[in-house]
Amino acid sequence: MGRLIISICLLAVMSAGCFWSVFEVNRRTDELSDMVSQTEQAFVDGNKEKCISAAEKLRKQWDRFVEVGILVNDLGHAVEITSSIAEINSFAQEQNEELYAACDRAQAQIKLFKDMQTPT
């Protein structure tokens with residue numbers, strides 16, 4: 001009987017951890033997606049300082065997410081997202097039109113990451 005209770009408790013803890021992980025990934029990826037949109041919008045508006053600031057904030061937020069997320073998530077394609085975010089940062093500083101493509105790429109990769117973490 002004791003083993004059954006322990007097994008049920010372990011199952012409950014594991015289930016809670018999985019649901020928390022999915023919730024946290026959804027919340028963080030939505031934040032990252034919003035930051036990409038803010039960076040792109042600042043570029044469209046011609047506000048160079050805001051664009052650079054938003055791109056830097058995006059990079060820092062992604063770095064924080066990777067540091068924590070590596071413990072609980074499969075970050076197999078994190079390198080691609082990191083690369084896209086680095087491109088956004090670089091293009092924002094140069095005020096290069098390629099920022100649009102980098103933002104689209106980052107949005108698609110973030111969405112893919114979010115979808116991969118959702119249980120099916």
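Student: Which side chains meet in a salt bridge with an N to O distance of 2.9 Å?

Tutor: Side chains of opposite charge can pair when their charged atoms come close. Here the side chains of Arg59 and Asp63 meet in such a salt bridge, at 2.9 Å from N to O, the term standing for a side-chain nitrogen of Lys or Arg within 4 Å of a carboxyl oxygen of Asp or Glu. Before going further, note that this is a predicted model, in which local features need pLDDT of at least 70 and side-chain atom pairs count only at pLDDT 80 or more, while totals for chains, interfaces and linings use all residues. Residues are numbered from 1 along each chain as its sequence is written, and side-chain values use heavy atoms, with hydrogens and water left out.

Student: How many salt bridges does the structure hold, and which residues do shared partners join into one network?

Tutor: The structure holds eight salt bridges. Those that share partners join Glu24, Arg27, Arg28 and Glu31 into one network. Within this group, the side chains of Glu31 and Arg27 meet at 2.8 Å, N to O, and both residues lie in helix α1, four residues apart, about one turn of the helix. Glu31 is partly exposed at 27% relative accessibility, as is Arg27 at 33%.

Student: Which salt bridge ties together parts that are 84 residues apart in sequence?

Tutor: That is the salt bridge of Lys114 with Asp30, whose closest N and O atoms are 2.8 Å apart. Lys114 lies in helix α4 and Asp30 in helix α1, so the pair ties together parts that are 84 residues apart in sequence. Lys114 counts as partly exposed at 23% relative accessibility, and Asp30 likewise at 37%.

Student: How many aromatic pairs does a search of the whole structure find, and how should I read them?

Tutor: A pair of aromatic rings is described by the distance of the centres and the angle of the planes. Searching the whole structure gives three aromatic pairs. Trp62 and Phe65 form one that is tilted, at 5.6 Å centre to centre with 40° between the planes. Rings of Phe, Tyr and Trp (its six-membered ring) pair if their centres lie within 6.5 Å, and planes under 30 degrees apart count as stacked, over 60 as edge-to-face and the rest as tilted. Trp62 and Phe65 both lie in helix α2 (residues 48-69), three residues apart, about one turn of the helix. Trp62 is buried, with a relative accessible area of 2%, and Phe65 is buried too, at 5%.

Student: With which residue does Phe65 form an edge-to-face pair?

Tutor: Phe65 forms an edge-to-face pair with Phe113, the centres being 5.7 Å apart and the planes at 90°. Because Phe65 lies in helix α2 and Phe113 in helix α4 (residues 99-117), the pair ties together parts that are 48 residues apart in sequence. Phe113 counts as buried at 2% relative accessibility, and ring pairs link Trp62, Phe65 and Phe113 into a cluster.

Student: Which residues does Gln109 touch, and is Gln109 buried or exposed?

Tutor: Gln109 lies in helix α4 and is buried, with a relative accessible area of 15%. Not counting residues up to four places away in sequence, Gln109 touches His77, Glu80, Ile81 and Ser84, where contact means heavy atoms within 4.5 Å.

Technical notes:
Helices (H or I, at least four residues) and strands (E, at least two) are DSSP runs, numbered from the N terminus. Buried means under 20% relative accessible area, exposed over 50%, partly exposed in between (1.4 Å probe, protein chains only).
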